[in-house]
Amino acid sequence: MRTSHTIRRRIALLVALAVAWVAGSTIGATPQVRRAAAAPLFQIEQAHAQYVPVLDGSKPIFILVIGSDARPDEEAASTRADSLHIVAINPDKHKATIVGIPRDSYVDIPGYGSNKINSSLFYGGPELVVKTVEQLTGLRMDYWALTGFQTFQQMVNGVDGLVVDVPFAMNDSASGAFFQPGIQRLDGENALAFARNRHELPSGDFGRSENQGLLLVSALHQMKKEFRKDPNSMLTWIASFMRRATTTLSLDEVVDLAFTGTAINPEKVVNVVVTGSTGMVGNMSVVNLDQAEVDGISNDLKNDAILKEANIPPSPNESLLGG
Amino acid sequence: MTANRVERGAKKKRRVPLAVLLVPIALIGIGVVLVLTLRGGAVPILGGGQDETTPPFDFTVKGVRPVVTSTKADEDAVSASAQQVAEDATPTIDDLYTFAFLDPSNWHAGEYDEAFEAFADGAKQTARGSAEVLTLGAGAGNLFETVEPRKSTLAYQVLFDKDGDPNTVVATVVFRALGERKDGTYLAILSQGTLFLRDVDGWKITAFDVTRGDAETEPPSPSPSASASASS
């Protein structure tokens, strides 16, 4: 009897051991399988995350972009401002407006009396140009940036040229602008020629100023496109600008603005030129600006850098654009 | 008395021995532990932890290019400075990817707070909102058994100001890892993109453009290094 009991107990123990092992293995393994099965399916697909530190706030930013007629051996800040554009940016709404001011605009230059606005650069450098534009428009310029002929070309070459949708045929030997209409990449020399061409334009300097604004829009377009393709490209644009332009913008600010630029739709940038009538002062050919129009544009831009449709003057190149 | 003792003795003899009850219970526990330990999985019943060892990981830096904003920059000086900046910035990116993809204590829990320390304040919120792209994901603990790094590279551009001081670092990142799922299948994890870093209390990410391109993959073929990493 004792032997029989002992045998039965041992068998029971062995069975229990076997059951325990199987049970232990099963308990240990099963939850994982269940958890894996219960887990949501892992989505295998391209996923994208992006953040650019776009400037925020509703306060618009005004930058005066000055193109001097300085030749390679001249100091840009002591020549004439042949190209003047207010670049107004609304960082909050990702919008921008470019307002061209004709170089021959006959205005009051603080401390120097009335003269062509382009002479303000010669009299007092970029700071006096800023004061003059501020007095003319009532807009406060936050920054200015200045380029000359050579530095402009170098800047354009620094980004491997600008892709521009040339709006109409150009054939001007004075500037060297010989272009068929359409999208084309302009190197520094050709971009300068495009920017300088006025002799064959019906509205002369007004039309030229609009084309200069178009170059700015084209640059924005291209920078944005290249940034999308390869964000590294932004450094090329920033470096090219900082190397060649003279500016009150710090590198930090240029970086911030470059990021902000990537959020602006270039198709919606409004590019206008203030209008006026041409006349003579002595033997000097001048532009008498339509001050009411200037005031209307300035007041409209002051708070949000956005120009209402009603305040957009007609394009000076309208007749060439087939509009 | 004697009869009672005999009765009690008879009753005792009929009871299942205590050892027969306790030993199986103990063995069930041991069995669970053994199975899970051999499989490298969790031990939820006993309250033990999963293998929380983070595999060692460092990016391989492929190149460093200085970008100057001055026409009078000393090329040798900025080149040396750019190398130093890359050395200084790399730990930020190493940490980001280690915490976001490789540290098991993070992906088991689906929480990646340490990873977001790599981002500057302005970018942090967006980064957290993009956690499913920038990390292994909230549900990774339920899905993966192991995640091991694979060769990953960084290439730098360093923007210098006119004084020759580094201003902005742009890092082109290609991060690869191999995830073994609990069902035995494998996922090639790929995170690639561009990180902009600026020096704000150390190099922090201020902007990013990152894409995940994970893909199913075959189990790795056995190799000395693979077995070593699997057992670690």
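**Close-up 1. Asp160(A) in the loop between α3 (149-158) and β8 (162-166) of chain A.** The model is predicted; local features need pLDDT of at least 70, side-chain atom pairs count only at pLDDT 80 or more, and totals for chains, interfaces and linings use all residues. Residues are numbered from 1 along each chain as its sequence is written, while chains are lettered from A and ligands numbered from 1 in the order in which they are written. Helices (H or I, at least four residues) and strands (E, at least two) are DSSP runs, numbered from the N terminus. Asp160(A) is not a glycine, yet its phi is positive, near 65 degrees. Asp160(A) is partly exposed because 14 C-beta neighbours lie inside 10 Å. A residue is buried if 20 or more other C-beta atoms lie within 10 Å of its own, exposed if 12 or fewer, and partly exposed in between, with C-beta atoms placed from the backbone.

**Close-up 2. His94(A) in the loop between β3 (81-90) and β4 (95-101) of chain A.** The phi of His94(A) is positive, about 55 degrees, although the residue is not a glycine. His94(A) has 16 other C-beta atoms within 10 Å and is therefore partly exposed.

**Close-up 3. Ile63(A) in strand β2 (residues 61-68) of chain A.** Ile63(A) counts as buried because it has 21 C-beta neighbours inside 10 Å. Leaving aside residues up to four places away in sequence, Ile63(A) touches Val87(A), Met141(A), Asp142(A), Tyr143(A), Trp144(A) and Ala145(A). Two residues are in contact if their C-beta atoms, placed from the backbone, lie within 7 Å. Glu200(A) is 137 residues from Ile63(A) along the chain, and their C-alpha atoms are separated by 29 Å.

**Close-up 4. Strand β5 (residues 203-212) of chain B and its hairpin with β4(B).** Strand β5(B) is mostly covered, with eight of its ten residues buried. Strand β4 (residues 186-199) of chain B runs antiparallel to β5(B), and nine bridges join them. Two strands pair if DSSP finds at least two bridges between them. Ser191(B) has Arg212(B) in β5(B) as its bridge partner. Three residues lie between the two strands of the hairpin, and Asp201(B) in the turn has a positive phi of about 55 degrees.

**Close-up 5. Strand β1 (residues 47-51) of chain A beside β5(B), joined by bridges.** These strands of chains A and B run antiparallel and are joined by five bridges. Opposite Tyr51(A) stands Phe208(B), which belongs to β5(B).
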